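User: Could we go through the strands and helices of this model together? Please put it on the screen.

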Amino acid sequence: MRERVIGAAQMGPIQKSDSREVVVLRMLSLLDRAAAQGCDLVVYPELALTTFFPRWYMEDQAEIDGWFEREMPNAATQPLFDRARAHGVAISFGYAELTPEGHHFNTSILTDRQGHIVGKYRKVHLPGHVEYDAARDFQHLEKRYFEPGDLGFETFDNEGTLMGMCICNDRRWPETWRVMGLQGVELVMLGYNTPSVNSQNRGEGLSERLYHSELSVTAGAYQNATWAVAVAKAGVEDGFPLMGGTIIVDPDGFVVARTTGEGDELITARCDMDRCQFGKTTIFDFARHRRVEHYGRITSQTGVER
Ligand code: CDT
């Protein structure tokens with residue numbers, strides 16, 4: 001048995017006016033609760049330090065860059081790293097990254113239990129659009145503010161568990177999961193900011209959105225025989241609702257823990273990494289069963305072709 005106690009730290013809304021320091025205090029509170037419950041790993045949402053700023057149309061680059069972190073840890077987040085080290089808890093969280101070369105990414109990092117960053121992921125599948133779109137009920141400008149990630153879907157041996165990350169929209173793409181599955185991943189961590197309604201289809205509301213999220217995560221976990229933790233930033237941010245639905249999923253695709261609200265909320269689960277082995281050596285033993293001679297279209301084309 002290789003048991004890890006995993007905490008999924010859902011966060012409630014962060015308003016535009018909330019400082020990083022105030023947000024980090026909330027993250028510390030969740031971390032303390034997780035440590036008290038025996039967690040050795042805590043996963044926070046996508047863009048955990050700020051409001052989901054891609055809903056706002058901006059042209060001023062200085063204003064845009066104000067939502068980004070130039071280094072990690074930095075003054076605002078150092079207390080989080082220090083507390084995690086003091087508790088001996090590994091953490092993963094998302095933030096907007098501005099590199100020294102001037103590149104903008106939607107990023108998540110992973111630490112070990114000593115607070116060292118041991119893994120980084122930059123979001124590959126960026127949803128939304130580049131220019132202001134008057135036809136939408138609200139904007140989703142990730143394609144305007146971020147470049148597609150340049151690190152691929154790497155996996156990291158962290159304290160004896162093979163871990164991978166993806167971010168929000170990535171969870172809806174089977175390719176995300178399979179690329180990590182092909183490395184033998186045992187735990188996929190992801191955060192998200194998902195609006196509770198579809199900005200292009202008012203008929204698609206909260207229950208449909210929650211269903212599609214859970215469907216994506218449970219299928220990805222099952223089809224790759226991996227644990228998965230999917231963590232929401234939820235609630236109403238400056239009038240715009242984000243869904244909750246944080247879950248921890250086992251390697252058979254079953255939800256073992258879920259949040260009930262849309263505020264700061266911790267859920268935990270004891271997760272035996274050895275449970276991945278059954279699926280990986282039977283129905284999803286890739287080496288025996290995959291037929292790559294028929295998968296060429298997956299990497300040679302993007303859109304539909306006949
Ligand atoms: N943050 C993020 O990727 N959200 C998307 C919303 C898609 S609607 C343009 C998601 O897939 O949940």
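Analyst: Axes are lines fitted to C-alpha atoms, for helices over the stretch in contact, and angles run from 0 to 180 degrees between N-to-C directions. Helices (H or I, at least four residues) and strands (E, at least two) are DSSP runs, numbered from the N terminus. This is a predicted model, in which local features need pLDDT of at least 70, side-chain atom pairs count only at pLDDT 80 or more, and totals for chains, interfaces and linings use all residues. Residues are numbered from 1 along each chain as its sequence is written, and side-chain values use heavy atoms, with hydrogens and water left out.

User: Fine. Which strands does H5 lie across?

Analyst: Helix H5 lies across S6, S7, S8 and strand S9 (227-232), and runs at about 160° to S7. Helix H6 also packs on the sheet, where it touches S8, S9, strand S12 (247-249) and S13. The direction of H6 makes about 25° with that of S12.

User: And what is the strand order in that open sheet with mixed pairing?

Analyst: The order is S6-S7-S8-S9-S12-S13, an open sheet of 6 strands with mixed pairing. Two strands pair if DSSP finds at least two bridges between them. Strand S6 (155-158) and strand S13 (255-258) are the edge strands, each pairing on one side only. On average, neighbouring strands here are turned by 20° against each other, direction ignored.

User: How many bridges join S7 to S8?

Analyst: There are 5 bridges between strand S7 (residues 161-167) and strand S8 (residues 187-192), and the two run parallel. Ile167 has Gly191 in S8 as its bridge partner. S8 in turn pairs with S9 in the parallel sense over 6 bridges, with Val229 in S9 as the bridge partner of Met189.

User: How many residues of S9 are buried?

Analyst: S9 is mostly covered, with 6 of its 6 residues buried; buried means under 20% relative accessible area, exposed over 50%, partly exposed in between (1.4 Å probe, protein chains only). Trp227, Val229 and Val231 point one way from the strand, while Ala228, Ala230 and Ala232 point the other way.

User: Back to the helices. At what angle do the axes of H5 and H6 cross?

Analyst: The axes of H5 (residues 174-181) and H6 (residues 206-224) cross at roughly 30° and come within 9 Å. That makes H5 roughly parallel to H6, since angles under 35 degrees count as roughly parallel, over 145 as roughly antiparallel, 65 to 115 as roughly perpendicular and the rest as oblique.

User: Which residues make the contact?

Analyst: On the H5 side they are Trp177, Arg178 and Gly181, and on the H6 side Ser216, Val217, Gly220, Ala221, Gln223 and Asn224. By class, the contact of H5 with H6 has 3 nonpolar, 5 polar and 1 charged residues. Here Ala, Val, Leu, Ile, Met, Phe, Trp, Tyr, Cys and Pro count as nonpolar, Asp, Glu, Lys and Arg as charged, and the others, Gly among them, as polar.

User: Is Ser213 buried or exposed?

Analyst: Ser213, which lies in helix H6, is buried, with a relative accessible area of 2%. Not counting residues up to four places away in sequence, Ser213 touches Arg171, Arg172, Tyr192 and Met243.

User: New topic: what is the order of the open sheet that contains S1 and S14?

Analyst: Its 6 strands have the order S5-S4-S3-S2-S1-S14, with mixed pairing. Strand S5 (117-122) and S14 stand at the edges, each with a single partner strand, so one side of each is left without a neighbour in the sheet. The twist averages 25° from one strand to the next.

User: In which sense do S1 and S14 pair?

Analyst: Strand S1 (residues 3-10) and S14 pair in the antiparallel sense over 8 bridges, and Val5 stands opposite Arg270 in S14. Of the 8 residues of S14 (residues 265-272), 6 are buried, so S14 is largely enclosed by the rest of the structure. S1 also pairs with strand S2 (residues 41-43), in the parallel sense over 3 bridges.

User: Lastly, how do the axes of H1 and H3 cross?

Analyst: Their axes come within 10 Å and cross at roughly 10°. H1 is therefore roughly parallel to H3.

Technical notes:
Contact means heavy atoms within 4.5 Å.
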